Amino acid sequence: MIPTDNEFTLYQQLADGFIDAIRRGALKAGDRLPSVRKTAQSRQISINTVLTAYRSLEDCGFIEARPQSGYYVRAKLADVRKIPMPATAVSSPKTEVLDLIDLVFAAQQDAEFINVSLACPQGGEFYPEKKLARILNQLVRRQPGMIGTYSLPPGSIRLRQQIARRALLLGMSIGADDVILTHGCMDALQLSLRMVTKPGDCIGLESPTYFYMISLIASLGLKAIEIPTDPQKGVSVDAIETLLKEGKVNALLLMPSVQNPLGCSMSVDDKKRLAGLVNHYEIPLIEDGLYAELVFNGELAPTVKSFDRNGWVIFCTSFTKTLAPDFRIGWMSGGRFNQQLRRIKSLSSMCEPAVLAETLGLFLEAGGYDQHLRTLRKRYAFQVQEARALIARYFPEGTRATQPCGGFVIWVELPEGVNGVELFHTALAERISLNPGVLFSPNGRYSNAFRLSCCYPFNERYSWAIKRVGELAAVMLNNHRKSVKS
């Protein structure tokens with residue numbers, strides 16, 4: 001319906017008034033606009049006119065609609081820039097980086113600290129605890145003998161069948177016998193690295209990468225080479241091709257879908273090209289798909305593994321981020337390496353507990369997982385936008401942040417003059433735990449960045465912590481500028 005001249009004038013006047021309020025700071029990033037009905041009543045105009053004004057503001061990028069919540073002033077944050085770097089420097093992880101990782105974990109285990117860094121959702125707001133507990137209790141009552149029986153490889157056929165069925169949604173055609181149950185995703189990654197490398201080998205990693213990958217590589221006596229990664233498009237396939245041509249890597253360890261810490265995903269074409277390269281050069285790719293099902297739009301993209309023709313891709317993931325963290329149940333499918341991986345898993349830790357694996361299998365079989373995922377995606381999408389709004393409001397001018405396509409982490413790049421490690425220690429003194437950017441690089445890059453996790457209850461305590469970190473960063477920037485002038 002085309003608005004009349006009068007309606008056009010009214011909605012334009014309303015939109016202009018909100019734009020002026022936003023520019024003056026009367027409405028700040030993250031503020032909720034009055035509801036459509038309330039605005040219509042207070043201005044004595046039609047609901048259609050208000051909706052037209054709000055949609056105009058949305059189209060211009062001033063506000064955003066949040067499902068079942070309303071309209072909010074959009075966070076004005078610049079995107080994180082692509083950082084040029086050579087993909088040739090090979091090194092063992094720096095001792096300083098490994099020591100800092102230990103310090104971060106120690107702080108995160110203290111209940112008195114406000115944690116805005118650890119990517120570990122906790123509690124019934126994020127997991128179907130009651131449903132899983134009910135299934136577990138029923139299972140133990142019906143089959144108490146499971147507790148007194150050793151679990152033997154390959155583990156629960158019910159769970160492995162359900163995993164194989166769900167793998168189709170990610171483009172992978174695998175059978176239950178292709179699924180190896182593991183003790184979380186890190187167990188799968190560790191077993192995969194042990195399978196395809198030997199001490200002294202070089203592993204290609206995204207940069208930045210998940211910081212625990214760095215500790216894992218160091219523990220196995222491996223070297224790392226950082227591969228340039230675009231904050232919007234993912235790892236550079238051109239750089240990977242160069243490394244493969246020159247024979248500089250023995251394996252790749254990557255997160256092609258919803259990468260941690262950037263939250264970006266590779267395009268389907270790039271994934272297909274990457275699969276072709278590792279098959280051509282016969283170099284193993286360990287694909288970490290931990291967040292692949294947490295894409296905000298709900299449209300699951302095919303994995304690199306789905307384009308693997310000769311079995312050079314090992315896919316690893318787990319249910320720790322989506323269903324039951326303390327069950328510590330993950331899985332992998334190893335292609336040409338599957339038999340050897342199964343053997344290494346058996347020698348390492350035999351099998352995952354049958355009672356826990358069966359519980360997950362029954363939950364998946366009942367069909368409640370997809371509904372749970374839909375709720376979880378909406379929640380994380382909302383919380384990421386809330387956190388970005390707080391960053392836009394309270395962090396110093398010049399701060400940049402990623403706009404993730406899924407998951408629950410944001411990569412924040414601070415203005416020059418704000419050191420991430422110094423900010424970490426300053427925040428730590430106020431009982432706020434951060435993950436400084438240097439953790440995410442074996443060479444200690446990203447000194448002016450940090451990762452923010454949005455997987456906690458979004459309450460006053462959590463919001464205050466983000467606000468306070470922004471205030472501390474602003475003080476550091478101000479001090480830096482004063483020292484430069486003097």
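**Exercise 1. The largest pocket**

What is the volume of the largest pocket? Find the residues and elements around it as well.

*Solution.* Keep in mind that this is a predicted model.

- Step 1: Start with the size. The largest pocket has a volume of about 640 Å³.
- Step 2: Trace the elements. Helix H4 (95-108), helix H7 (184-196) and helix H8 (211-219) are the elements giving two or more residues to this lining. H7 supplies the largest share, with five residues.
- Step 3: Sort the lining of the largest pocket by class. It divides into 16 nonpolar, seven polar and six charged residues.

**Exercise 2. The second largest pocket**

Which element gives the most to the lining of the second largest pocket? Describe this pocket too.

*Solution.* 

- Step 1: The volume of the second largest pocket is about 360 Å³.
- Step 2: Its lining is made of 16 residues, and Arg-66, Pro-67, Lys-378, Ala-381 and Phe-382 are the closest to its centre.
- Step 3: Two or more residues of this lining come from each of strand E1 (63-66) and helix H13 (369-394). H13 gives the most, namely seven residues.
- Step 4: By class, the second largest pocket is lined by five nonpolar, five polar and six charged residues.

**Exercise 3. Helix H6 meets helix H12**

At what angle do H6 and H12 pack? Work out how their arrangement is classed and who makes the contact.

*Solution.* 

- Step 1: H6 and helix H12 (residues 354-366) pack at an angle of about 45°, and their axes are 8 Å apart.
- Step 2: Roughly parallel needs an angle under 35 degrees, and roughly perpendicular runs from 65 to 115. H6 and H12 are therefore oblique to each other.
- Step 3: The crossing in which H6 passes H12 is left-handed.
- Step 4: On the H6 side, the contact is made by Arg-158, Leu-159, Gln-162, Arg-165 and Arg-166. On the H12 side, the contact residues are Ala-357, Glu-358, Leu-360, Gly-361, Leu-362, Leu-364 and Glu-365.
- Step 5: The contact of H6 with H12 divides into five nonpolar, two polar and five charged residues.

**Exercise 4. Helix H2 meets helix H3**

Is the crossing of H2 and H3 right-handed or left-handed?

*Solution.* 

- Step 1: The axes of helix H2 (residues 36-43) and helix H3 (residues 47-59) come within 9 Å and cross at roughly 120°.
- Step 2: Roughly perpendicular covers 65 to 115 degrees and roughly antiparallel starts over 145. H2 and H3 are therefore oblique to each other.
- Step 3: H2 passes H3 in a right-handed crossing.
- Step 4: Val-36, Arg-37, Thr-39 and Ala-40 of H2 meet Ile-47, Val-50, Leu-51 and Tyr-54 of H3.
- Step 5: The residues of this contact of H2 with H3 are six nonpolar, one polar and one charged.

**Exercise 5. Backbone details**

Which residues does the cis peptide bond with omega of about 25° join?

*Solution.* 

- Step 1: Most residues other than glycine have a negative phi, and most peptide bonds are trans.
- Step 2: The bond with omega of about 25° joins Asn-260 and Pro-261. Pro-261 sits in the loop between strand E9 (251-254) and helix H10 (268-281).
- Step 3: The peptide bond from Ser-207 to Pro-208 is cis too, with omega near 0°. Pro-208 belongs to the loop between strand E6 (202-207) and H8.
- Step 4: Glu-282 has a positive phi, near 55°. Glu-282 lies in the loop between H10 and strand E10 (285-288).

Notes: Residues numbered from 1 in each chain as written. Predicted model: local features only at pLDDT ≥ 70, side-chain atom pairs only at ≥ 80, totals over all residues. Heavy atoms only, no water. Axes fitted to C-alpha atoms, helices over the stretch in contact; angles between N-to-C directions. Helix = DSSP H or I, 4+ residues; strand = E, 2+ residues; numbered from the N terminus. Left-handed = near helix turned anticlockwise from the far one by under 90°. Contact = heavy atoms within 4.5 Å. Nonpolar A, V, L, I, M, F, W, Y, C, P; charged D, E, K, R; others polar. 1 Å grid on protein atoms, 1.4 Å probe; cavity = no way out; pocket = protein on both sides within 12 Å on 5 of 7 lines; lining within 4 Å. Points joined across faces, edges and corners; volume = space filled by probe spheres on them.
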